[in-house]
Amino acid sequence: MHEASIALSLIDVASEVLRENGAARASALTVRVGQWSSVVPEALTAAFPTCAQGTPLEGARLSVVTVPGVGECPVHGRVTLDVTRGLRCPECGAPTPTLLAGDELELDEIELAEPDLEDV
């Protein structure tokens, strides 16, 4: 399950963003995960709470937005790919060797937590 190491990397990136913005904690994260990224969203969501313990992200909600694969068919142009069919046009079956979208793994949003009265 490499999603635990991905969760740890997301926490590192998010923690750096919090430091850069003078924030102590986050209450939510949104991550964009491409269908072709080899990341299992359910496994990432399951690993996140344990990985976040003891960090500024502890208790934060993780939302995963799945991004469909988009390829370039020589006949039909931009097409939404079906993972089960591989890099082939869903209309004509032609190879679509260029993946235009769907392999991303991006930290999209961070919602800052309200500071505790003890932090003020």
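**Exercise 1. Find which residues, not counting those up to four places away in sequence, Glu104 touches.**

Remember as you work that this is a predicted model.

Step 1. Leave out the residues up to four places away in sequence; Glu104 then touches Arg32, Val33, Gly34, Ser37 and Val67.

Step 2. Look at the side chain of Glu104, which comes to 2.7 Å from the backbone nitrogen of Gly102.

**Exercise 2. Decide whether Glu104 is buried or exposed.**

Step 1. Read off the relative accessibility of Glu104, which is 15%.

Step 2. Compare with the cut-off: buried means under 20% relative accessible area.

Step 3. Glu104 therefore counts as buried, at 15%.

**Exercise 3. Work out where UniProt places the feature "binding site" and how the positions sit in space.**

Step 1. The UniProt record, an unreviewed entry, puts this feature at Cys73, His76, Cys89 and Cys92.

Step 2. These positions are spread over 20 residues of sequence, yet they cluster in space, with a largest C-alpha distance of 8.8 Å.

Step 3. Check the contacts of Cys89, again setting aside residues up to four places away in sequence: the partners are Cys73, His76, Val79, Ala94 and Thr96.

Step 4. Do likewise for Cys92, leaving out neighbours within four places in sequence, and you find Cys73 and His76.

**Exercise 4. Classify Cys89 and Cys92 by accessibility.**

Step 1. Locate the two residues: Cys89 lies in the loop between strand S4 (77–80) and S5, and Cys92 is in the loop between S4 and S5 too.

Step 2. Cys89 has a relative accessible area of 0%, so this residue is buried.

Step 3. Cys92 has a relative accessibility of 42%; because partly exposed covers the range between the buried limit of 20% and the exposed limit of 50%, Cys92 counts as partly exposed.

**Exercise 5. Trace the order of the strands in the open sheet that includes S3.**

Step 1. The open sheet has 3 strands, in the order S4-S3-S5, with antiparallel pairing.

Step 2. S4 and S5 are the edge strands, each pairing on one side only.

Step 3. From one strand to the next, the twist averages 40°.

Step 4. Zoom in on strand S3 (residues 70–73), which pairs with S5 in the antiparallel sense over 2 bridges.

How values were computed
Residues numbered from 1 in each chain as written. Predicted model: local features only at pLDDT ≥ 70, side-chain atom pairs only at ≥ 80, totals over all residues. Heavy atoms only, no water. Buried < 20%, exposed > 50% of the residue type's maximum accessible area, 1.4 Å probe, protein only. Polar contact = N/O pair within 3.5 Å; in protein donor to acceptor, adjacent residues only side chain to side chain. Contact = heavy atoms within 4.5 Å. UniProt positions renumbered as here; feature names shortened; annotations may be inferred. Helix = DSSP H or I, 4+ residues; strand = E, 2+ residues; numbered from the N terminus. Pairing = 2+ DSSP bridges. Axes fitted to C-alpha atoms, helices over the stretch in contact; angles between N-to-C directions.
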